Amino acid sequence: MNQRILISGASIAGPTLAFWLARYGFAPTVVERAPRLREGGNGVDVRGQAVDVVERMGIMSRIRAAAADVIGMSFVDADNRSVARIDMRAIQGRAASTEVEIMRGDLAAILHETTKDDVEYIFDDSIRTLDQDDDGVTVTFAHAPTRRFDLVVGADGTHSTVRDLAFGPESRFLRHLGYYFASANADPGLGERRWVTLYNRPGRAAGIYRSGNHAAAKVNFLFRSRPLRYDHRNVEQQKRLLREAFADLSWHVPDLLAGALTDPDFYFDALSQVRMTSWSSGRVTLAGDAAHCASPAAGAGATLSLIGAYRLAGELASAGGDHRIAFRRYEHGHRRMVQRSQSNLFIGMIAPKSRAGIWARNTMARLPLLGAMAGVERRLQPRLLPLPHYGPAAGSQSS
């Protein structure tokens with residue numbers, strides 16, 4: 001039942017879902033708007049139950065080998081003098097030995113390499129229309145011929161095309177968090193190796209992310225703002241907004257800004273969350289950020305995508321392909337983790353609103369109190385049920 005499954009999006013949730021669907025005997029097809037695999041992106045976390053997922057996929061050793069190896073965050077003044085540091089290893093405690101931070105592009109490449117021989121990939125194309133009936137979904141594409149699928153999954157990010165087509169405009173589901181961010185490649189000579197170096201002015205932050213295992217570096221900008229009117233696909237318009245927000249800052253900002261505005265990997269978006277009462281509509285469902293983006297400030301996007309994709313494929317297998325049963329169970333099992341992640345935001349620490357807030361953040365970062373608070377917070381979090389095994393294919397992959 002429901003063997004032919006179309007997945008929109010080839011980043012993290014899409015290929016992970018395709019991996020498990022193929023293992024369970026389904027026939028997944030992944031369509032990706034970009035002409036090739038997207039190589040950009042910042043560091044993402046693989047933690048908690050996501051570690052179990054990638055171990056069962058047999059790719060944990062490759063992920064560890066490609067880890068970003070960043071120690072923590074260093075806050076600097078306009079003269080590049082460090083005023084405070086946060087050692088993330090101390091805050092993570094024992095979890096640091098299992099959790100991994102990896103560049104988003106590296107994780108996507110590993111997932112694609114692992115699935116490309118068993119999954120049909122269509123690049124440089126996108127879904128144009130979806131027409132559901134009792135027996136399946138007729139899908140038209142921007143370039144490829146019209147095809148029929150049994151189910152469609154939108155794993156195509158915060159600005160999901162599948163969500164727009166099946167559920168309505170994104171304005172119904174996106175919750176603006178009061179900030180905008182941008183990222184691009186940066187001169188590694190401007191940052192300290194294995195650290196995120198962050199410079200602040202009230203309501204604004206510019207940081208250099210320099211991995212220990214990569215020659216290049218990333219720059220991240222974050223600024224506070226009410227909702228802005230712009231086209232999220234108009235890059236020149238986005239660059240103008242960023243230039244206006246950071247034109248008067250010192251430190252390395254002029255050089256970082258100049259480099260970012262000429263970088264082909266430039267990325268800009270609002271910090272937003274996706275809040276939906278249901279992730280499914282008939283034969284269409286959503287996964288990853290398309291369903292439940294917690295925002296980059298939560299640091300949970302990759303983890304939630306890996307776990308959610310694993311659960312969705314497993315529930316479809318357990319239900320014999322019956323999407324009505326599987327979609328309901330998938331959402332019931334995954335929503336509690338999503339809700340917890342959407343409540344854990346650290347925007348105030350990264351970009352305090354005032355000079356007093358910056359001073360308070362720096363003072364707290366110099367004290368052991370921060371690590372103690374993080375440890376207490378971890379212990380107070382509700383315990384989640386163990387990640388389930390689904391069928392003989394999943395059981396044979398566990399280790």
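Which residues lie nearest the centre of the second largest pocket? Before answering, I note that this is a predicted model. I looked the pocket up and found His 159, Glu 170, Leu 174, Leu 228 and Ala 270 nearest its centre, out of 14 residues in the lining.

**Pocket, continued.** I checked how much space is in there: about 290 Å³. Next I sorted the lining by class and got 7 nonpolar, 5 polar and 2 charged residues. β12 (174-186) and β16 (267-274) each supply at least two residues.

**Helices α10 and α11.** I moved on to helix α10, residues 301-318, and helix α11, residues 323-342. Their axes sit 8 Å apart, and the packing angle is about 160°. Angles over 145 degrees count as roughly antiparallel, so that is what α10 is to α11. I noted the crossing as right-handed. On the α10 side, the contact includes Leu 304, Ile 307, Gly 308 and Arg 311. On the α11 side, I jotted down Phe 327, Tyr 330, Gly 333 and Met 337, among others. Sorting the residues of this contact gave me 9 nonpolar, 5 polar and 3 charged.

**Helices α2 and α10.** How does α2 lie against α10? Helix α2 covers residues 49-57, and I read an angle of about 60° with α10, the axes being 8 Å apart. Because of that angle, α2 counts as oblique to α10. Here the crossing is left-handed. From α2, the contact takes in Gln 49, Ala 50, Val 53, Val 54 and Arg 56. From α10, I wrote down Thr 303, Leu 306, Ile 307, Tyr 310 and Arg 311. By class, I have 6 nonpolar, 2 polar and 2 charged residues in this contact.

**Helices α1 and α10.** My last stop was helix α1, residues 13-23, whose axis comes within 8 Å of the α10 axis and crosses at roughly 30°. That angle makes α1 roughly parallel to α10. I put this crossing down as right-handed. Ala 13, Thr 16, Leu 17, Trp 20 and Leu 21 are what α1 brings to the meeting. They meet α10 residues including Ser 305, Ala 309, Leu 312 and Leu 316. How many charged residues does this contact of α1 with α10 have? I found no charged residues there, with 10 nonpolar and 2 polar.

Key: Residues are numbered from 1 along each chain as its sequence is written. This is a predicted model: local features need pLDDT of at least 70, side-chain atom pairs count only at pLDDT 80 or more; totals for chains, interfaces and linings use all residues. Side-chain values use heavy atoms; hydrogens and water are left out. On a 1 Å grid over the protein atoms alone, a cavity is a set of points where a 1.4 Å probe fits but cannot get out, and a pocket is an open set with protein on both sides within 12 Å along at least five of seven lines; lining residues have an atom within 4 Å of a point. Grid points are joined across faces, edges and corners, and a volume is the space filled by probe spheres set on the points. Helices (H or I, at least four residues) and strands (E, at least two) are DSSP runs, numbered from the N terminus. Ala, Val, Leu, Ile, Met, Phe, Trp, Tyr, Cys and Pro count as nonpolar, Asp, Glu, Lys and Arg as charged, and the others, Gly among them, as polar. Axes are lines fitted to C-alpha atoms, for helices over the stretch in contact, and angles run from 0 to 180 degrees between N-to-C directions. Angles under 35 degrees count as roughly parallel, over 145 as roughly antiparallel, 65 to 115 as roughly perpendicular and the rest as oblique. A crossing is left-handed if the near helix is turned anticlockwise from the far one by less than a right angle, and right-handed if clockwise. Contact means heavy atoms within 4.5 Å.
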